[in-house]
Every structure is written in structure tokens, then in C-alpha cells.
Amino acid sequence: MDWKEVLRRRLATPNTDPNRQLKLYGAKQDYGKKSEQELKDEEMDLFTKYYSEWKGGRKNINEFYKMIPRFYYRLPAEDEVLLQKLREESRAVFLQRKSRELLDNEELQNLWFLLDKHQTPPMIGEEAMINYENFLKVGEKAGPKCKQFFTAKVFAKLLHTDSYGRISIMQFFNYVMRKVWLHQTRIGLSLYDVAGQGYLRESDLENYILELIPTLPQLDGLEKSFYSFYVCTAVRKFFFFLDPLRTGKIKIQDILACSFLDDLLELRDEELSKESQETNWFSAPSALRVYGQYLNLDKDHNGMLSKEELSRYGTATMTNVFLDRVFQECLTYDGEMDYKTYLDFVLALENRKEPAALQYIFKLLDIENKGYLNVFSLNYFFRDEIFDMVKPKDPLKISLQDLINSNQGDTVTTILIDLNGFWTYENREALVANDSENSADLDDT
């Protein structure tokens, strides 16, 4: 409360004390006898008294605030070099300490030995089992680092239909290995988190993957001159699917939760099959395929793709109206597309069942930027039959959620953007009939 308001209320408060009334009456009689200086001094005394009371109350409030623990720490500014260095060193020490808390290879081997020694018969086929009593015994002998894994909650999570109330030793060990791997990977990723805020920028993830390449045997054949293109190809998948709002950063938690990092680290397997490599976006054959397509489309060899060059993508059947929308909505440089923008385009068209890909294509189809597809939008690309396929909530418009819920998103987008897809859909009944006839002919022979 303001001190002026306090003073005003004190002076306005009535007092019924007779002695007080007499004093006031006497004061009024003496009022005319006081000099102007005395009146000012008296006013100042009152002001000092009430201001001190008000200030004292504020002090008590401030003392109360001090009891609340601090929860915000300002990040050092760019010119605060010493504070930045201190922050970096502190984070490095913290991550090293967290790394030492994890089980190393020797400790994991010891854990496996203890689990095998305390297995509870009978075995299920060749799978060793362990009951809760022996599970706790192993936990006591395994050491303090393993304590977090030997809880009733973990045991119950892995308990399924065993009639003896046991869990699989192998399943439990794989659970521990997975947890250790996740923590190791999180620490590894956090080392590249320059801001220390739990997310990676594009440049951070590029540095992580670049330094990871020498540890992946399946990438041994890559020439160093191709590294920058490989890194760009790999990073783009993470950001296309995990950064739908295009903020330029992704949470480390999201990286760990998705399967992309598993696919990338799968390249450590020296005996990875050819089929697995072909379906893995991060493999050398896949990266070379995508980059090779880009070079083949770039007929004038300027490192960029024009609308005419992109029109030959795939089977060269994309509609002109769709290509127009691609170059209207996507990032281009003097009307031409660079490799990074091309990667987004490829990821969208090769993963049309995924929400992120549908979001990309939906934005191109929504020519009026209304957030839904109406009759006008679809007539621009096709016809009203699309509404019958999607069955949207609103019969006059299709939202992105309608497209996802229909389970027809890939078919609908293929019809709208690809002439070949449109022709296949239009002639689907004839194609099925031809397939049936061909099968019958083969059976006759």
C-alpha cells in the first residue's frame, strides 16, 4: 500500500476517546500559535513514522520471498566470455559424473554372471528365468550402480504369464542394456548441446553425426568429399519429422524416443544385410541414391533445381499445378531449389502415410491458406470424389486431421499431385481385372 494512502487513512480515522478529543481541541486552539516551520517539522515527523512502518512491512514481504528457491538462471550473454566458459566447464564436469554412474562393460558382464548363477528352474525351452526372491539377491550383490534396476516396479513390468511368477533373465538384461544405452546416448548428445537447454540445433546435430561417421563400419566406403552431403541428408530426416514447426531445434528427448537414432547406429553392424541397407535412410547406398537423383535432375549443373528440372522427378508424372505450389511455398533461391529443400520434398513423397509428410503436402494443397481443403481447392487439383474417400466431419472441407483419420492420406495425396497416381486410381478396376486374367493364364499353363 502506498505511504500516502496510509497517512490519509490514519488522519481520516475517527477517535471517540474523550481525552483524545480534548487533546485535539487543545491542538486546534494552539494551531494558530504554531509557526510554519513547526508545522512542516510535524508533517515530516508523521511522514517519517508512517513511511518507516510501510517500509518495514515491505521488508517482511521480501524476507518471505527469499524462502522460495531460485528456479531461473539467466544464460550468459555473448560478450560474457568468462561466464560462458564457466557454464561449459560446469556442464562438462556434470556429464562426466553422470557417465561414471553408468555400468561399464565389465560391470555388465558381472551382472550377467550373477543373473545366470541365480536363475530359478525350470527353464522355458532354452530361456532362463528368475523369481523375485533371487532377483533381490542379485540386486544386493550387483553393486550400487545396479540398484535402480532391481525394484518391484521393474520386476512387475517384465512379469508376463509365467505360472511360477518369474521373469526372463534375457529380457531383464536387455532392459538394463537398453537403459544404459539410452543414458550413454543422451550424455553423448548433450555434449553437443551448446546452449545447454536440452535441445540440438541443426549445426549441433551436424557436428554429432560428422564425428559419428568414423565409428560406423557401413560408412567406411564413403569418400570424405561426400561427408558434408551425407551429413545434410541424415540431419534432414531428423528435422523434417521432429521439428514440424520449423523452429530450427529439436529436443534431445525426442531424438531418443524416435527410431531414427537406432537406424543410424544400426550401421555399426558390419554384417548388415543389403536389404536392410536399402530400406535405411542413413545407409551409404540410400544417401548416394538420393544425392545421385538430385545430380541427375540438375541438367544445367548449377547445383540447384528449377521447376522444369524437378518435373522429371520419379516417373515425371507430377502435375504442373502441384509443381507450381511447391515453388510457391518452399524455400527457393531465385526460383530454384537447393539440396536441403529437395530432401524435404523427397522425405514427404516417400513417407506419405506419416503425419509430418501429410502436413507438408497439405500445405501445398491448401492454396487459399485456410487450414482446410474445400471444393474449390480440390477442383483445382482434382474432383469431388476425394470427399467420398476421406469422409470429413464437415462435408464442404477437409482438415489435416480428417486426412490422417481417413487412412487414405497417401492415396489422396498421390491422386492430387501425381498424374501416374491419378491414372492408376482411375483405372484401378481394369488393372485388378487384368491381374486376375494374367493369374488365370499362368495357372492354365
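**View 1. Contacts of Ala234.** Leaving aside residues up to four places away in sequence, Ala234 touches Ile209, Trp281 and Phe282, where contact means heavy atoms within 4.5 Å. The model is predicted: local features need pLDDT of at least 70, side-chain atom pairs count only at pLDDT 80 or more, and totals for chains, interfaces and linings use all residues. Residues are numbered from 1 along each chain as its sequence is written, and side-chain values use heavy atoms, with hydrogens and water left out. Ala234 is found in helix α10; helices (H or I, at least four residues) are DSSP runs numbered from the N terminus, as are strands (E, at least two). Ala234 is buried, at 1% relative accessibility; buried means under 20% relative accessible area, exposed over 50%, and partly exposed in between, with a 1.4 Å probe and protein chains only. From Ala234 to Ile209 the C-alpha to C-alpha distance is 8.0 Å, with the two residues 25 apart in sequence.

**View 2. The ring pair Phe229 and Tyr339.** Rings of Phe, Tyr and Trp (its six-membered ring) pair if their centres lie within 6.5 Å; planes under 30 degrees apart count as stacked, over 60 as edge-to-face and the rest as tilted. The count by this rule is 23 aromatic pairs. One of them joins Phe229 and Tyr339, which is edge-to-face because the ring centres are 6.3 Å apart and the planes stand at 75 degrees. Phe229 belongs to helix α10 (residues 227-242) and Tyr339 to helix α17 (residues 339-350), so this pair ties together parts 110 residues apart in sequence. Phe229 is partly exposed, with a relative accessible area of 29%, whereas Tyr339 is buried at 7%.

**View 3. The ring pair Tyr294 and Tyr339.** Tyr339 also forms an edge-to-face pair with Tyr294, at 5.1 Å centre to centre and 65 degrees between the planes. Because Tyr294 lies in helix α14 (residues 284-297) and Tyr339 in helix α17, the pair ties together parts that are 45 residues apart in sequence. Tyr294 is buried, with 3% relative accessibility.

**View 4. The ring cluster.** Ring pairs link Phe226, Phe229, Tyr291, Tyr294, Tyr313, Tyr339, Tyr342 and Phe345 into a cluster.

**View 5. Lysines over tyrosine rings.** A charge sits over a ring if NZ of Lys or CZ of Arg is within 6 Å of the ring centre and within 35 degrees of the ring normal. Lys249 lies over the face of Tyr199, 4.2 Å from the ring centre. Lys397 lies over the face of Tyr372, 4.3 Å from the ring centre.
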